[in-house]
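User: I have a model on my screen and want to know what stands behind the words used for it. Please take me through them.

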Amino acid sequence: MVGGFLGAGKTTSVAQLADRLTKQGLRVGLITNDQGTELVDTAMLRSRGFATEEIPGGCFCCRFNSLLDAAKKLTAESRPDVFIAEPVGSCTDLVATVTYPLRRIYGEDFSIAPLSVLVDPVRAGRVFGLEQGSRFSEKVLYIYRKQLEEADLIVINKSDAVDAPQLGALRSKLAEEFPRAEVLAVSARTGAGLDDWFARIEFAEQSTRDTMPVDYALYGEGEALLGWLNATVVLQGASGEFDGNEAVRQLANALQQRLAAANAEIAHLKMTLSPNAGLSDLAVINLVRNDHVAELSQMLGAEISSGQLIVNLRAEADPEILRAELGRALEAVFPVAGAVRAELEHVEAFKPGQPKPTHRDAVGLR
Ligand SMILES: Nc1nc2c(ncn2[C@@H]2O[C@H](COP(=O)(O)OP(=O)(O)OP(=O)(O)O)[C@@H](O)[C@H]2O)c(=O)[nH]1
Ligand SMILES: [Mg+2]
């Protein structure tokens, strides 16, 4: 499992690790997970040719059996040697609720690698008071810290986005706060440090230890402060082709401005636009905090005449605010008489429910 808070770079890293394992001749099966349905991550990983199953509608720990079903389905289709699973970014307690039960019940079938927890250095700098900037509220930060507490490897990602003194200060702070974990720095974007990280997880098995205490009431309250919005929208050129990359960029910018005005702290806004004609072309745009600049991490190679837009937004705000702001942003960027028409096909806005793990093993088999 590759864990870490929303927007830390899990999917980007999973794609890198899957690429590398594939090049080594291993078959890889990927498992994505989310509280909602219609996942940007799944669309993105599939567009890169990886066998991917998604577990929507709840975290791995609460949908343990679905995790196994996903593994079985992948096994039937492509017999992977390695599964890489990305848990929901607001989820914690994975060792007690996933690793140990998996080992207890299916120990013959799986060997489980050490748990990596990814960190966005700018976000973490704010969380640990090293830098100024907007933060989540304390109950959300409880989850953030618990994720790091159970890590075997804390992987500071996006090392390309901060300078050496910032990285050094964060490394020291994380090593001091979480002495059990090994702290690494990588860039899933440039590839820096990845060899070192992957070498530690590719053929290693997670060591057994007592699990951390978790206050599930507080964990549930923290999750419930986060609003989730998943939507699909059809974009159609009113009179011919349009620039899909520019369309998603404009929508991301409009949403960003509106959410900032509504005091909603963005954890991750991600969108994909896939043309209705054309197989694997995809635009992917991400925004990981209110004062970030939306980044197109994949671009469409040509103009399109119509396409399907998937919007996944996670922010600390009432989900109904997110729904309303998406509606207004769509109206502003794609006005009725404009060059591109937008039709909202499906939208769901909700708060994650109280986490209730299927299993919780306080002690793992040794
Ligand atoms: N600068 C930089 N950006 C990165 C790096 N890795 C990922 N990103 C960007 O960070 C954003 C979030 O990346 P994802 O891989 O989608 O993050 P995630 O942890 O899977 O997010 P959720 O699934 O929403 O929790 C995207 O814009 C990525 O392109 C990196 O090493 N450097
Ligand atoms: Mg992801």
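User: How many of the 366 residues of the protein chain, in percent, count as buried?

Analyst: The share is 56%. Buried means under 20% relative accessible area, exposed over 50%, partly exposed in between, with a 1.4 Å probe and protein chains only. This is a predicted model: local features need pLDDT of at least 70, side-chain atom pairs count only at pLDDT 80 or more, and totals for chains, interfaces and linings use all residues. Residues are numbered from 1 along each chain as its sequence is written, chains are lettered from A and ligands numbered from 1 in the order in which they are written, and side-chain values use heavy atoms, with hydrogens and water left out.

User: What makes Asp-93 buried?

Analyst: Its relative accessible area is 0%. The cut-off is under 20%, so Asp-93 counts as buried. Asp-93 lies in the loop between S4 and helix H4 (94–106). Its phi is positive, near 70 degrees, though Asp-93 is not a glycine.

User: Is Arg-79 buried or exposed, and how do you know?

Analyst: The relative accessible area of Arg-79 is 56%. Exposed means over 50%, so Arg-79 is exposed. Arg-79 sits in the loop between helix H3 (64–78) and strand S4 (82–86). Arg-79 also has a positive phi, about 40 degrees, without being a glycine.

User: Why is the protein chain called as compact as a globular protein of that length?

Analyst: First, the elements: the protein chain has eleven helices and 13 strands. Helices (H or I, at least four residues) and strands (E, at least two) are DSSP runs, numbered from the N terminus. The radius of gyration, taken over C-alpha atoms, is 20 Å.

User: What makes a set of residues a nonpolar core?

Analyst: The members are buried Ala, Val, Leu, Ile, Met, Phe, Trp, Tyr and Cys residues, joined through side-chain atoms within 4.5 Å. The largest such core has 54 residues; Ile-31, Phe-128, Tyr-144, Leu-148, Ile-154 and Leu-174 touch the most other members. Helix H6 (residues 138–149) gives the largest share of this core, six residues. A second, separate core of 37 residues includes Ala-231, Leu-296, Val-333 and Val-340.

User: Which residues does Ile-154 touch?

Analyst: Among them are Val-117, Leu-148, Leu-174 and Phe-178, not counting residues up to four places away in sequence. Contact means heavy atoms within 4.5 Å.

Technical notes. Rg over C-alpha atoms; globule rule 2.2 N^0.38 Å.
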